[in-house]
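Here is a brief report on a protein model. It covers a sheet, the nonpolar cores and the pockets.

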Amino acid sequence: MTSLLLALLCLGLDLNQRIHTQAGTLPKPTLWAEPGPVVPLRSPVTLLCKGASEAKSYVFEKQEPGILKRTGQWIYKNDSTIFIPDMLTRHAGRYHCYYHSLSGRSENSDTLELVVTGSYSKPSLSALPSPVVTSGGNVTLLCQSQTLRDTFLLSKEGAADSPLHLQSKFGGQQYQAEFSMGPVTSAHGGTYRCYSSLSTSPYLLSQPSEPLELLVSGGSEDRPQPPMESGSQKGLTWYHYVLIGVSGALVLLLLLLFLFLRSQRESKHRRSATTEVWTFRNSPFLP
């Protein structure tokens, strides 16, 4: 009876695992681009997909309007890459990846937007009221273009995330978008660039604006903190102070003792000299 129950339990667990596997419940992989998802025209970029340790093969897919295009399948133990040596407009778009293991197929990764820059003239980027911001304050990064652009994108140097998107507004004889930030912390500091694009080709961007360095000051994290001391360090410091004090007192006592002995010696020499002079003057051998 016990053996029958164990067999039914194992069968149920195996069936449950198969149901979950078919539903694609294996952990989804992570997809990212190096050096980043914003790539200058004709520059190299690498797409990397990393899943669970049991992954046996990887699949990259590019999502195009109404089309799901498989870009390739690679068999590796732990991860897989696609190297694009020469970024072209046809490479830009939305990508995801997944992997296969002995248990089945994983979920899709989060979507990665790969964009190419250099298709249009560069916009301008400025900070209002100033690129130097006090921690806790607010700042607006203003991206502008004199030519028709319906979308502006803002990227931060070194960030792995896709750029921020805003629809443009026409004002002051030019198209612009305002990227507001606040309350500002030290994490907002860094180098920013903005791009423009058209909604008909959302992954084809303009040349980057001139870089804007955003400086955050005045926060508690910007002020140097005094070094923290553990209890043992504090005890050790106190011991050093006591040792220095005792050593100083000992040196002072030795110095006083030396001066005292020197004074006693000089006094003894004076008395001895006086006695010799008196004896010499009262000698019977003097005429």
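Four strands make an open, antiparallel sheet, ordered E10-E12-E16-E15. Strands here are DSSP runs of E with at least two residues, numbered from the N terminus. Two of them pair if DSSP finds at least two bridges between them. Strand E10 (124-128) and strand E15 (169-171) are the edges, each pairing on one side only. From one strand to the next, the twist averages 35°; axes are lines fitted to C-alpha atoms, and angles run from 0 to 180 degrees between N-to-C directions.

E15 meets strand E16 (residues 174-181) through three antiparallel bridges. Phe170 has Tyr175 of E16 as its bridge partner.

The model is predicted: local features need pLDDT of at least 70, side-chain atom pairs count only at pLDDT 80 or more, and totals for chains, interfaces and linings use all residues. Residues are numbered from 1 along each chain as its sequence is written, and side-chain values use heavy atoms, with hydrogens and water left out.

**Cores**

Which residues have the most contacts inside the largest nonpolar core? They are Leu31, Val45, Leu47, Phe60, Met87 and Leu114, in a core of 23 residues. Strands E1 (30-34), E3 (45-50), E4 (57-64), E6 (79-84), E7 (93-101) and E9 (112-117) each give two or more residues to this core. Another core lies apart from it, with 17 residues, including Ala177, Tyr192, Leu212 and Leu214. A nonpolar core is a set of buried Ala, Val, Leu, Ile, Met, Phe, Trp, Tyr and Cys residues joined through side-chain atoms within 4.5 Å. Buried means under 20% relative accessible area with a 1.4 Å probe, protein chains only.

**Pockets**

A pocket is an open set of points on a 1 Å grid where a 1.4 Å probe fits, with protein on both sides within 12 Å along at least five of seven lines; lining residues have an atom within 4 Å of a point.

| Largest | about 330 Å³ | nine nonpolar, five polar, four charged residues |

The largest pocket has 18 lining residues; Pro35, Gly36, Val38, Ser155 and Tyr195 are the closest to its centre. Strand E2 (38-40), strand E13 (151-156) and strand E17 (190-197) each give two or more residues to that lining. E2 gives the most, with three residues.

For the second largest pocket, 14 residues form the lining, and Leu154, Lys156, Leu164, Met181 and Tyr192 lie nearest the centre. E13, strand E14 (164-167) and E16 each give two or more residues there.

Key: Buried < 20%, exposed > 50% of the residue type's maximum accessible area, 1.4 Å probe, protein only. Points joined across faces, edges and corners; volume = space filled by probe spheres on them. Nonpolar A, V, L, I, M, F, W, Y, C, P; charged D, E, K, R; others polar.
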